[in-house]
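Thank you for giving me a few minutes this morning. Please have a look at the sequence and the structure on the screen, and then I will walk you through them.

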Amino acid sequence: MKITAGIEHSVTTIDEHHTTLEAARLMTEKYIGSVVVTSHSRIVGIFTERELMMDVVGKGRDPAVVKVKDVMLTDHRKIASDATCEEALEVMKKKRCRHLLVFDGDEFIGLISMRDIVVLTLQEKDDLIAQLEQYISAT
């Protein structure tokens, strides 16, 4: 199944010069696990709960001082918009992450999370079960 249906097109962004405390407050307010990081309106990375815990709090650093740009992920955890759920999971496994930036060529179109992929996969399984039940009852 393609990831297209699970892409979150309305994403929350934060400028790279904001503090990780500001990012944490924004994520808490929006009840989300990541923010897309920008610089001069250009996508430059992603900041997630994991970076907050592992690179800031877990190392005893002050979230009110540490800038998002200093701990964000910049190794382009991205995937094409026409990728399958299996391909997205493979990238997440390799990169050890739960969120991917989705691009159509060079154009950023949204974000997909592991939760989104689980929902898509379960939906696909439910559809298959319904088709099989219909097939069995028709014979």
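Predicted model: local features only at pLDDT ≥ 70, side-chain atom pairs only at ≥ 80, totals over all residues.

Residues are numbered from 1 along each chain as its sequence is written, and side-chain values use heavy atoms, with hydrogens and water left out.

The chain has four helices and six strands, where helices (H or I, at least four residues) and strands (E, at least two) are DSSP runs numbered from the N terminus. If you follow the chain from the N terminus on, the elements come in the order β-α-β-β-α-β-α-β-β-α, and along its principal axes the C-alpha trace spans about 65 × 30 × 25 Å.

Let us turn to the sheet with β1, β2 and β3. These three strands form an open sheet in that order, with mixed pairing, and two strands are said to pair if DSSP finds at least two bridges between them. At the edges sit β1 (13-15) and β3 (42-48), each of which pairs on one side only, and the twist from one strand to the next averages 35°. Strand β2, residues 34-39, runs antiparallel to β3 and is joined to it by six bridges; in this pair of strands, Val-35 stands opposite Phe-47 in β3.

The other sheet is built from β4, β5 and β6 in that order, and it is again open with mixed pairing. Its edge strands are β4 (78-80) and β6, each pairing on one side only, and neighbouring strands are turned by 35° against each other on average, direction ignored. Strand β5, residues 99-104, pairs with β6 in the antiparallel sense over six bridges, and the bridge partner of Phe-103 in β6 is Phe-108.

Now to the helices. Helix α3, residues 85-95, packs with α4 at an angle of about 150°, their axes being 10 Å apart; axes are lines fitted to C-alpha atoms, for helices over the stretch in contact, and angles run from 0 to 180 degrees between N-to-C directions. That angle makes α3 roughly antiparallel to α4, since angles over 145 degrees count as roughly antiparallel, those under 35 as roughly parallel, 65 to 115 as roughly perpendicular and the rest as oblique.

Which residues lie nearest the centre of the largest pocket? Rolling a probe the size of a water molecule over the atoms shows where empty space is left. On a 1 Å grid over the protein atoms alone, a cavity is a set of points where a 1.4 Å probe fits but cannot get out, a pocket is an open set with protein on both sides within 12 Å along at least five of seven lines, and lining residues have an atom within 4 Å of a point. The largest pocket is lined by 17 residues, and Ile-32, Gly-33, His-99, Ser-113 and Arg-115 are those nearest its centre. The largest share of this lining, three residues, comes from α4, and β6 (107-113) and α4 (114-138) each supply at least two residues.

By the cavity rule, there is one cavity of 30 Å³ or more. Residues lining the largest cavity include Ile-46, Thr-48, Arg-96, Cys-97 and His-99, and β3 and α2 (49-56) each supply at least two residues of that lining.

Definitions and conventions
Points joined across faces, edges and corners; volume = space filled by probe spheres on them.
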